[in-house]
Amino acid sequence: MQRLKGIIFIVSGAMLWGATGPLMEWLLNHTSLTVSFMLTIRLSVAGMILLTYLLLTGKNIFGIWQHKLWGRQLIVFGIVGMLGVQFAFVAAIHESNAVLATLLQFLAPIFVVAYVSLSLKKWPPKYQVIGIIGTLMGLFLLLTNASFDSLLISPKELLWGVAVGLTFAFYTLYPARLMREWNVLLVVGWGMLIGGLTLGIVSRVWLSNQWFVFSDLKILLLMVALIFFGTVAFILFLSSMKYITAVETSILSSIEPLTAMIISVIVFGTSLGFWQLIGVFVMLVCVTWLSIAGEKA
């Protein structure tokens, strides 16, 4: 029963998170909302929700700030990690589409492997090399549909896609010790709030005329849904890891890009060529292979 609960949590979380991509794509395409304004609202509100939840459950949410070392790391994580990956992801959606942005975040394991190998000054194990080569082959098919003389996305779209992978790798590696020492939700909650407030100050969100967009009840409800889906998805994802292994979590989280793809096809009429679909399959298989082989190793 506990394992079934974990499976339900991760599947539900992956589907909700996969749905946020097309939702953001619709808002960016059909309203005057910009990437900066949307992220400022989303991160700030989601961060406050998580911290309020922890406060109501009796957690000391301010204790981490009594230690300068952890406080500095939390600020770096909030600005470079949380804000970095979120901004790159939403910008990639804005420049291309939700499906491509969601899939390109699966490049993160390659950057993680590269970083660890350089740190240890040794070549990665064979299983990682195989996984990386396979992932890059899948990416090539996704971006070219097996046509060697054409690239189906612009250099700017590709740049933001690579940025998603890089920032996601940093987001995964940097806060590892921070999250071991402190509650994961606490770190994520503060990270979201720090990232949102930083972006809001830089973009001077209080002067924006985009606030008037929310006078449209439909837009307001969609923004609330975006914040709610994203926050609940993250809680479900973290909660699932109490009941199932990291490998099972990694495999089942592959539902995320599939959900984004299905919604994008239905809502936006997005379509992928035959070899692009093969590329998606290859990428997901190779990322799963990296997880399974890594767990065994």
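I take helices as DSSP runs of H or I with at least four residues, and strands as E runs of at least two, numbered from the N terminus. My model is a predicted one: local features need pLDDT of at least 70, side-chain atom pairs count only at pLDDT 80 or more, and totals for chains, interfaces and linings use all residues. Residues are numbered from 1 along each chain as its sequence is written, and side-chain values use heavy atoms, with hydrogens and water left out.

Helix H2 came up first in my notes. I find 22 residues in H2, numbered 35-56, with 31 Å from the first C-alpha to the last, close to the 32 Å expected at 1.5 Å a residue (1.5 Å times one less than the number of residues). Gly-58 follows H2 and has a positive phi, near 90°.

Next I looked for cavities, meaning sets of points on a 1 Å grid over the protein atoms alone where a 1.4 Å probe fits but cannot get out. I got one of 30 Å³ or more. The largest cavity has a volume of about 60 Å³, the space filled by probe spheres set on the points.

Which residues line the largest cavity? I list Trp-17, Arg-42, Leu-43, Ala-46, Gln-86, Met-192, Leu-226, Ile-227, Gly-230 and Thr-231, where lining means an atom within 4 Å of a point. H2 and helix H10 (217-240) are the elements that give two or more residues to this lining. The largest share, four residues, comes from H10.

Last, I checked rings of Phe, Tyr and Trp (its six-membered ring), paired if their centres lie within 6.5 Å. I have nine aromatic pairs, and ring pairs link Phe-37, Trp-211 and Phe-214 into a cluster.

Terms used. On a 1 Å grid over the protein atoms alone, a cavity is a set of points where a 1.4 Å probe fits but cannot get out, and a pocket is an open set with protein on both sides within 12 Å along at least five of seven lines; lining residues have an atom within 4 Å of a point. Rings of Phe, Tyr and Trp (its six-membered ring) pair if their centres lie within 6.5 Å; planes under 30 degrees apart count as stacked, over 60 as edge-to-face and the rest as tilted.
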